Amino acid sequence: MLSVSVWFLTPRTGKVRHVELKVSTRFQGDRAIVTLAGEIDLYTAPRLQSELAAALAGGDPARLVVDMSAVEFCDSTGMNVLLAAHRRANEQGGSLELAGPRPAVRKILQVTGLETVFTVLEDPAVVPGQ
């Protein structure tokens, strides 16, 4: 499992806050399942972008499933990374689906209208091998 960690000062307390995104990918048949845990933001989005690009390299797999059930936060940078991967998957004749987004992430999808762009699987348990 690969992860990226970022430390930064919080404005009100001056204390250092640790932000982490854990990313792991496994392949099952024509699917790549990318499992995320933590926060997706300006600091951690490059790690996600690299992992999604690697999963889509060479045109395989036909289906990319992003398990977001352990994602606590996703900002516009993260959404843009997911959109770019979605576009690339479609260009290659495949698909990108989001599995089990938490309420905070689901709200972002609704407010931005992206729930109509992405296929959203309600339950990450429907992802084979979970």
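For my notes, an axis here is a line fitted to C-alpha atoms, for helices over the stretch in contact, and angles run from 0 to 180 degrees between N-to-C directions.

**Entry 1: confidence.** I am working with a predicted model, so I looked up pLDDT before anything else. The protein chain has a mean of 84, with 77% of its residues at 70 or more.

**Entry 2: helix 1 and helix 2.** I checked how the axes of helix 1 (residues 45-56) and helix 2 lie: they come within 9 Å and cross at roughly 10°. Angles under 35 degrees count as roughly parallel, and helix 1 and helix 2 are therefore roughly parallel to each other. Which residues meet? From helix 1 I listed Ala45, Leu48, Gln49, Leu52, Ala53 and Leu56; their partners in helix 2 are Thr77, Gly78, Val81, Leu82, Ala85, Arg88 and Ala89. I sorted the residues of this contact into nine nonpolar, three polar and one charged.

**Entry 3: helix 3.** Next I looked at residues 103-112, helix 3, and found Val105, Arg106 and Leu109 buried. They sit on the same side of helix 3, because their arc around the axis is only 100°. Their cover includes strand 4 (63-74), helix 2 (76-91), strand 5 (95-99) and strand 6 (119-121). On the face turned away from the buried side I found Pro103 and Val111, both exposed.

Key: Residues are numbered from 1 along each chain as its sequence is written. This is a predicted model: local features need pLDDT of at least 70, side-chain atom pairs count only at pLDDT 80 or more; totals for chains, interfaces and linings use all residues. Side-chain values use heavy atoms; hydrogens and water are left out. Buried means under 20% relative accessible area, exposed over 50%, partly exposed in between (1.4 Å probe, protein chains only). Helices (H or I, at least four residues) and strands (E, at least two) are DSSP runs, numbered from the N terminus. The arc is that of the directions from the helix axis to the C-beta atoms. Contact means heavy atoms within 4.5 Å. Angles under 35 degrees count as roughly parallel, over 145 as roughly antiparallel, 65 to 115 as roughly perpendicular and the rest as oblique. Ala, Val, Leu, Ile, Met, Phe, Trp, Tyr, Cys and Pro count as nonpolar, Asp, Glu, Lys and Arg as charged, and the others, Gly among them, as polar. pLDDT is the predictor's confidence in each residue, from 0 to 100.
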